[in-house]
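Please look over the structure shown below before reading on.

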Amino acid sequence: MSGKAVGMAGGIIGLAAMAAWLGLAHSCDPPAGEGVIAGRVTIAPNLADQVKPTDVLFVIVKRPQGPPRPIAAKRIEHPTFPVSFEITNADVMVEGSELRGMVDVIARLDRDGQAGPAQPGDIEGRYAKNPTLSGGRDLEIVLDSVH
């Protein structure tokens, strides 16, 4: 290697070190948007009259395959539709998990307000593009299916 090539290599390494020191190098950061899922839940017009003041809206995030238990969920008391939601890593229910990769997003208007499997009378809806990549901020879910 010539002295000129060694000098150029040293300069490039120096610039990389300076960028890292200044916090300009982000190659190890997670992709933008991961750790958040946000959107809006509406209810089908033919079911709107079935909403009761005691109902609770759950927005649930699960893995497309694997255990049926949710990764994260948001509980919204006394929903008035349309309802905006944002689920972050703070809503994760399984320690050590995070909102990343492919997920299914489901909303449930729950009659008894208890988390768990859907019960008769609960109204559910799914994001039409399930499974989706976490990080989405404009998900639209329509509650349109009665259990």
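Strand 5 and strand 6 run antiparallel and are joined by four bridges. This is a predicted model, and the points below are grouped by topic.

**Strand pairing**

- Within the pairing of these strands, arginine 108 stands opposite glutamate 124, which belongs to strand 6.
- Strand 6 is also joined to strand 9 (residues 145-146) by two bridges, and these two strands run antiparallel.

**Aspartate 122**

- Aspartate 122 sits in the loop between strand 5 and strand 6 (123-126).
- Although aspartate 122 is buried, it has no salt bridge, because a salt bridge needs the charged atoms to be within 4 Å and the nearest side chain of opposite charge, that of arginine 108, is 4.5 Å away.
- Beyond its neighbours within four places in sequence, aspartate 122 is in contact with residues including Leu109, Ser145 and His147.

**Nonpolar core**

- The largest nonpolar core has 25 residues, and those that touch the most other members are Ile37, Val41, Leu57, Phe85, Leu99, Val105 and Leu143.
- Several strands each supply at least two residues of this core, among them strand 1 (36-43) and strand 8 (139-143), while strand 5 gives the most, with four residues.
- Leucine 57 touches, among others, Val41, Phe81, Ala107 and Leu143, when residues up to four places away in sequence are not counted.

Key: Residues numbered from 1 in each chain as written. Predicted model: local features only at pLDDT ≥ 70, side-chain atom pairs only at ≥ 80, totals over all residues. Heavy atoms only, no water. Core = buried A, V, L, I, M, F, W, Y, C linked by side-chain atoms within 4.5 Å. Buried < 20%, exposed > 50% of the residue type's maximum accessible area, 1.4 Å probe, protein only. Contact = heavy atoms within 4.5 Å. Lys, Arg positive; Asp, Glu negative; His and termini not counted. Pairing = 2+ DSSP bridges.
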